[in-house]
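Student: Please give me a close look at a single part of this structure. Then carry on from there, with the cut-offs stated as you go.

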Amino acid sequence: MKVLLLAAVVALIHGSYATLLIKGPTQPVLEGDQFTLECLYSDSELNISQVHFEVFSKHMQSWRTVWERSWCYYSMEIERTAESLLLSIPRAGSFYEGPYRCVSDNENVTAPDNSSQPLAVKVYYMGELSLSREGYTSYLGVPQELKVRLGDDVVVKCSASSSEEPNYYWNKDGDDWILPSSTLTLRKMSAMDEGQYTCIATHPSVESLSKKRSFSITVLSEDAAWYESSNGRLVLMTSAAGVSLLVFILSMTVFLCRRAKQTKTSKGPIDDRSQKKPIYKASVESLPSTCADKQPLV
């Protein structure tokens with residue numbers, strides 16, 4: 001009889017574990033989308049009020065209880081109904097990624113039988129494209145119109161922040177070629193290379209996520225001045241900034257030196273009245289003395 005009772009208890013525990021479910025979005029979650037997770041029991045009379053959400057923290061390498069919170073873009077809303085527990089994310093972001101699970105607080109059920117199977121939530125995103133030239137810092141970028149000298153080489157790299165490494169393609173308006181690469185390399189520029197070039201980035205998992213950015217190339221004539229090219233203008237801007245900084249440093253140095261000199265010369269001699277007139281024994285400013293001379297001490 002005891003064996004049958006024990007088997008019934010074990011079956012009840014495992015049955016309760018099997019019925020704790022977590023449901024989530026069936027479509028890919030894009031950055032900025034709203035999505036909802038749901039905890040519920042199926043074929044069970046256990047109370048849903050004894051269930052809470054947990055998320056696995058990659059930094060802490062442990063499961064953390066999910067609490068309702070609202071702060072700027074970081075917001076989580078928890079709603080409890082008679083049959084389920086709902087977790088709503090109004091605006092999805094990469095920081096909401098991670099496995100989620102439902103955990104029961106029922107004292108009669110212990111880990112791992114007190115939780116549902118983990119549900120992985122992945123947020124797909126792709127940022128704006130950025131263009132950078134080889135040999136230049138990425139902060140400078142590429143101008144809308146890139147002016148180069150005849151015979152120059154042009155190497156432009158296309159990049160974007162994305163949940164997965166994007167697929168990159170280059171093309172030129174009016175031509176039918178497509179370059180499947182993130183880097184556009186043009187050697188020995190000529191007038192035939194002028195035109196508008198476009199970089200296209202597509203997400204490997206979500207077709208709707210794609211970005212593109214274009215810029216034009218103008219090839220200057222042989223007799224064009226060196227400062228007419230984009231490189232020449234960059235040199236001029238850099239030189240002007242350096243000269244301005246040098247003038248500012250010299251001006252501040254001269255100003256501080258003059259101020260220090262004025263401060264030094266404005267201080268006169270110490271007003272010591274004892275050096276201007278003798279001190280007698282009978283005077284108010286005399287010093288104690290046992291001698292009765294009337295000669296000045298100073």
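Tutor: Start with the nonpolar surface patch. L245, F248, I249, M252, F255 and L256 make it, and its area is about 600 Å². This is a predicted model, where local features need pLDDT of at least 70, side-chain atom pairs count only at pLDDT 80 or more, and totals for chains, interfaces and linings use all residues. Residues are numbered from 1 along each chain as its sequence is written, and side-chain values use heavy atoms, with hydrogens and water left out.

A patch takes residues with over 30% relative accessible area and no salt bridge, joining like charges within 9 Å and nonpolar side chains (Val, Leu, Ile, Met, Phe, Trp, Tyr) within 5 Å. Areas are Shrake-Rupley values with a 1.4 Å probe; for residues, only the protein chains shown count as cover. Helices (H or I, at least four residues) and strands (E, at least two) are DSSP runs numbered from the N terminus. I249 has 45% relative accessibility, so it counts as partly exposed. The classes are buried (under 20% relative accessible area), exposed (over 50%) and partly exposed (in between), with a 1.4 Å probe and protein chains only.

Now the salt bridges. The term means a side-chain nitrogen of Lys or Arg within 4 Å of a carboxyl oxygen of Asp or Glu. By that rule there are three. Side chains of opposite charge can pair when their charged atoms come close. E54 pairs with R101, with 2.8 Å between the closest N and O atoms. E54 is in strand 4 and R101 in strand 9, so this bridge ties together parts 47 residues apart in sequence. Both partners are buried.

K211 meets E128 at 3.3 Å, N to O. Here, too, distant parts of the chain are linked: K211 is in strand 19 (residues 210–219), E128 is in the loop between strand 11 (123–124) and strand 12 (130–133), and 83 residues separate them. K211 is partly exposed at 25%. E128 is exposed at 60%.

D153 and R187 make another bridge, 3.5 Å from N to O. D153 lies in the loop between strand 13 (145–148) and strand 14, and R187 in the loop between strand 17 and strand 18, so the bridge ties together parts 34 residues apart in sequence. D153 is partly exposed at 39%, while R187 is exposed at 53%.

The loop of R187 also holds K188, between strand 17 (183–186) and strand 18 (195–202). K188 is not a glycine, yet its phi is positive, near 50 degrees. With 62% relative accessibility, K188 is exposed. Q61 is another non-glycine with positive phi, about 55 degrees. Its place is the loop between strand 4 (51–57) and strand 5 (62–65). Q61 is exposed, at 54%.

Next, the covalent links. A disulfide is a covalent bond between the sulfur atoms of two cysteines. The test is a pair of cysteine sulfur atoms within 2.5 Å. The whole structure has two. C39 and C102 are joined with S to S 1.7 Å. Their link is left-handed, with -90 degrees about the S-S bond. C39 is in strand 3 (residues 35–41) and C102 in strand 9 (residues 98–104), so the pair ties together parts 63 residues apart in sequence. C39 is buried at 0%, and C102 is buried at 0%.

C158 and C199 are joined with S to S 2.1 Å. That link is left-handed as well, at -95 degrees about the S-S bond. C158 in strand 14 (residues 154–159) and C199 in strand 18 are 41 residues apart, in distant parts of the chain. C158 is buried at 1%, and C199 is buried at 0%. In sequence order of the bonded cysteines, the pairing runs 1-2, 3-4.

Last, the open space. The largest pocket has about 310 Å³. Its lining has 17 residues, with V55, F56, S57, F95 and E97 nearest the centre. Strand 4, strand 5 and strand 7 (74–80) each give two or more residues to that lining. Strand 4 gives the largest share, three residues. A pocket is an open set of points on a 1 Å grid over the protein atoms alone, where a 1.4 Å probe fits, with protein on both sides within 12 Å along at least five of seven lines; lining residues have an atom within 4 Å of a point. Grid points are joined across faces, edges and corners, and the volume is the space filled by probe spheres set on them.
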